[in-house]
Amino acid sequence: MAKENDSRYTSLVRDCYRSGGYVFARRAGYTGEDDEACRVARLASNENPRPPSPLALERGCQALREVNRYPDERMADLVRALEKFHGQYHFVTGVGMDGVIETVIRTLVCPGERVAVSTPTFSFYGLAAMAQGAEVVNSPRRPDFSVDVHQFVRSARDAKISFLCTPNNPTGNVTSRDDVEEILSAIHGVLFLDNAYVEFCDEDYRPLMNRYENLILGRTFSKVFSLAGLRVGYAFVPLWLVPCYLRAATPFTVNSVSAAAATGALADRLHLKETVEGVKRLRELVVRECKYPVFHSGANFVMVDVSPSSGREMADRLAERGVLVRSCESFPGLGPHYIRVSIGEEWENARFLDVINAL
Ligand SMILES: *Cc1c(COP(=O)(O)O)cnc(C)c1O
């Protein structure tokens with residue numbers, strides 16, 4: 001993307017995360033203070049409302065004492081922890097999964113080359129690809145948001161890299177491993193599977209890593225591991241990509257405190273298990289109790305059809321009542337009538353249900 005478009009790029013990227021509504025919530029007296037009635041239910045950004053694992057905090061604090069030194073360029077401790085957690089795969093790390101996505105695109109895509117994206121989805125892939133001068137081709141999902149494999153393969157066959165998010169943000173649905181495999185064997189380029197929410201569903205794509213040389217699985221510490229503020233992401237990659245990725249990345253990306261905290265988070269299996277169980281239980285409750293149609297979700301959020309209201313109207317009305325959700329109007333190709341609601345703490349979900357069911 002040309003220089004004069006840089007600020008537009010930045011504002012579009014910010015838009016990926018814009019939770020909106022804070023102004024409305026404040027105006028209505030939800031100041032976010034500890035007083036229970038004034039608290040804001042923050043259900044707009046799919047964070048984990050639980051604090052991080054004590055092990056993550058402890059390792060992070062230890063690392064803080066040594067920040068006069070540069071971090072280890074190779075992230076050896078973090079990579080070793082990932083191998084211990086997942087088994088023998090090849091990993092790269094980055095400043096959030098967003099950082100990984102940006103570096104992968106810089107590694108693989110030249111200006112004018114094609115990047116395919118299964119939409120509606122997280123907007124960052126298309127934006128990062130455009131910033132690299134790529135030709136972005138959107139491949140629309142079916143009306144129920146499942147992936148039409150043949151249609152996707154047609155768009156992706158000659159793309160340098162293709163992006164598929166599963167569980168998908170913002171629709172929540174999961175693409176089966178069989179469908180992913182069918183795509184992988186039909187395309188010539190690389191498939192980037194965004195697994196930011198994979199821990200909350202029952203599908204496991206890791207076995208595909210051993211069979212395909214053109215698969216990347218993107219992961220993040222921002223969601224299930226409660227470390228969004230520290231910005232750590234990683235990916236399972238084929239071995240051939242590792243040296244290319246390291247050449248394209250700046251020497252130091254993940255900082256030493258974040259890397260140490262992430263290493264600690266991986267060691268706390270109980271925190272992970274409790275988070276996933278809690279989300280699954282509360283997700284079921286939200287699906288069951290909400291009076292609007294809720295889409296089946298394999299993530300820590302659900303998408304709700306709020307017709308005949310628009311997503312923006314509904315998000316604003318909820319914000320006035322102390323509940324921040326994400327209007328989905330800015331997801332291209334989705335239509336105006338949806339909101340995305342994170343599964344939060346028990347009181348947050350309860351307030352969301354009280355408020356939306358009373359409207
Ligand atoms: C949150 C999210 C990410 C990126 O998370 P980081 O905080 O950059 O690690 C990537 N993809 C999807 C679909 C997300 O929702």
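In which loop is phenylalanine 145 found? The points below answer this and then turn to the sheet, the ligand and the remaining elements.

1. Basis of the note. This is a predicted model, in which local features need pLDDT of at least 70 and side-chain atom pairs count only at pLDDT 80 or more, while totals for chains, interfaces and linings use all residues. Residues are numbered from 1 along each chain as its sequence is written, and side-chain values use heavy atoms, with hydrogens and water left out.

2. Phenylalanine 145. This residue is found in the loop between strand 4 (135-140) and helix 7 (149-156). Helices (H or I, at least four residues) and strands (E, at least two) are DSSP runs, numbered from the N terminus. Phenylalanine 145 is not a glycine, yet has a positive phi of about 75 degrees. Most residues other than glycine have a negative phi, and most peptide bonds are trans. With 6% relative accessibility, phenylalanine 145 counts as buried. Buried means under 20% relative accessible area, exposed over 50%, and partly exposed in between (1.4 Å probe, protein chains only).

3. Serine 226. A positive phi also occurs at serine 226, near 65 degrees, again in a residue other than glycine. Serine 226 lies in the loop between strand 7 (215-220) and strand 8 (233-237). Its relative accessibility is 11%, so serine 226 counts as buried.

4. Cis peptide bonds. Threonine 119 is joined to proline 120 by a cis peptide bond with omega near -5 degrees. Proline 120 sits in the loop between strand 3 (114-119) and helix 6 (124-131). The bond between threonine 166 and proline 167 is cis as well, with omega about -10 degrees. Proline 167 is placed in the loop between strand 5 (161-165) and helix 8 (177-186).

5. Two strands pair if DSSP finds at least two bridges between them.

6. Helix 6. This helix is mostly covered, with 6 of its 8 residues buried. The buried residues are Phe124, Tyr125, Gly126, Leu127, Ala128 and Ala129. Just after helix 6, glycine 133 takes a positive phi of about 85 degrees.

7. Ligand shell. Of the 14 residues around the ligand, Met97, Asp194, Tyr197, Thr220 and Lys223 come nearest; a residue is near a molecule or strand if one of its heavy atoms lies within 4 Å of it. Helix 5 (residues 96-108) supplies the largest share of the shell, 3 residues. By class, the shell has 6 nonpolar, 4 polar and 4 charged residues. In this scheme Ala, Val, Leu, Ile, Met, Phe, Trp, Tyr, Cys and Pro count as nonpolar, Asp, Glu, Lys and Arg as charged, and the others, Gly among them, as polar.

8. Ligand oxygen atoms. A polar side-chain atom of threonine 220 lies 2.5 Å from an oxygen atom of the ligand, and for tyrosine 197 the corresponding distance is 2.6 Å. In the side chain of lysine 223, an N or O atom is 3.0 Å from an oxygen atom of the ligand. Taken alone the ligand exposes 380 Å², of which the protein buries 98%; accessible areas come from the Shrake-Rupley method with a 1.4 Å probe, and for residues only the protein chains shown count as cover.

9. Strand 9 runs antiparallel to strand 11 (residues 338-342), joined by 5 bridges. Valine 302 has valine 341 as its bridge partner, and aspartate 305 has tyrosine 338. Both faces of strand 11 are likewise covered. Strand 10 (residues 323-327) is joined to strand 11 by 2 bridges, also antiparallel, with serine 327 partnered by isoleucine 339.

Technical notes: A polar contact is a pair of N or O atoms within 3.5 Å; within protein, one must be able to donate a hydrogen and the other to accept it, and residues adjacent in sequence count only if both atoms are side-chain atoms.
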